[in-house]
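Here is a short briefing on one protein chain. Please look over the sequence and the fold before reading on.

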Amino acid sequence: MASTIERKEHSQVVISLETGIEEWKAALKQAYNKNKGRFQVPGFRKGKVPFQLVCQYYGEGVLYDDAMNEIANKQYPEAVKEHDLKVVSRPEMDVTGLDENGLKYTISVYVKPEFELGKYEGVEVPYKDI
């Protein structure tokens, strides 16, 4: 897994992630196993349609959402931990490319703002007893 971050204004961070073709194919198989009870093809019982036939009959795209979620659910927490981010918002995923090399996508999140404290030690405040 390769991940890079880009800090934008207002404490927004964009995490760029990549996955190889082998991991993408494994995620497609997991998505198929998760959803195989939904597919019906004449000549096969419901849930017994082979993976290749599902891809031919329905198109591989029916499995993409679950496959992308499967990959992102593994890689996103690892990337947050790797870059030591303190996330305060829900992630927004955007796919930037899917080709023979694998999947490339970005996740946008907001993090706790970074700031420096000024001189606060030794400051005296007048106090009146009432």
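A residue counts as buried when its relative accessible area is under 20%, as exposed when it is over 50%, and as partly exposed in between. Ser108 has a relative accessible area of 18%, so Ser108 is buried. The model is predicted.

**Helix H1 against helix H3**

- Two packed helices are described by the angle between their axes and the distance between the axes.
- Helix H1 spans residues 21-35 and helix H3 spans residues 64-82. They pack at an angle of about 120°, and their axes lie 8 Å apart.
- That angle makes H1 oblique to H3. An angle of 65 to 115 degrees would count as roughly perpendicular, and one over 145 as roughly antiparallel.
- The crossing of H1 past H3 is right-handed.
- On the H1 side, the contact is made by Glu23, Trp24, Ala27, Leu28, Gln30, Ala31, Lys34 and Asn35. On the H3 side, the partners are Tyr64, Asp66, Ala67, Met68, Glu70, Ile71, Lys74 and Gln75.
- Sorted by class, the contact of H1 with H3 has 8 nonpolar, 5 charged and 3 polar residues.

**Salt bridges**

- Side chains of opposite charge can pair when their charged atoms come close.
- How many salt bridges does the structure hold? The count is 2.
- One of them joins Lys34 and Asp66, at 3.6 Å from N to O. Lys34 sits in helix H1 and Asp66 in helix H3, so this pair links distant parts of the chain, 32 residues apart.
- Both residues also belong to the H1 and H3 contact: Lys34 is listed for H1 and Asp66 for H3.
- Lys34 is exposed, with a relative accessible area of 60%.
- Glu114 and Arg7 form a salt bridge too, and their closest N and O atoms are 3.8 Å apart. This pair links distant parts of the chain, 107 residues apart.
- Arg7 is in strand S1 (residues 2-7), and Glu114 is in the segment after strand S4 (102-110).
- Is Glu114 buried or exposed? Glu114 is exposed, at a relative accessible area of 67%. Arg7 is partly exposed, at 45%.

**Ser108 in strand S4**

- Ser108 lies in strand S4.
- Which residues does Ser108 touch, not counting those up to four places away in sequence? They are Gln12, Val13, Val14, Arg90, Pro91 and Glu92.

**Ser16 in strand S2**

- Ser16 is placed in strand S2 (residues 12-20). Ser16 is partly exposed, with a relative accessible area of 30%.
- Ser16 and Ser3 are 13 residues apart in sequence, and their C-alpha atoms are 5.4 Å apart in space.
- Ser3 is also among the contacts of Ser16, neighbours within four places in sequence aside.

**Val87 in a loop**

- Where does Val87 lie? Val87 is in the loop between H3 and strand S3 (92-99).
- Val87 is partly exposed, with a relative accessible area of 29%.
- Leaving aside neighbours within four places in sequence, Val87 is in contact with Tyr76, Val80, Val109, Tyr110 and Val111.
- Val87 and Ser11 are 76 residues apart in sequence and 9.8 Å apart in space, C-alpha to C-alpha.

Terms used. Residues numbered from 1 in each chain as written. Predicted model: local features only at pLDDT ≥ 70, side-chain atom pairs only at ≥ 80, totals over all residues. Heavy atoms only, no water. Axes fitted to C-alpha atoms, helices over the stretch in contact; angles between N-to-C directions. Helix = DSSP H or I, 4+ residues; strand = E, 2+ residues; numbered from the N terminus. Parallel < 35°, antiparallel > 145°, perpendicular 65-115°, else oblique. Left-handed = near helix turned anticlockwise from the far one by under 90°. Contact = heavy atoms within 4.5 Å. Nonpolar A, V, L, I, M, F, W, Y, C, P; charged D, E, K, R; others polar. Salt bridge = Lys/Arg side-chain N within 4 Å of Asp/Glu carboxyl O. Buried < 20%, exposed > 50% of the residue type's maximum accessible area, 1.4 Å probe, protein only.
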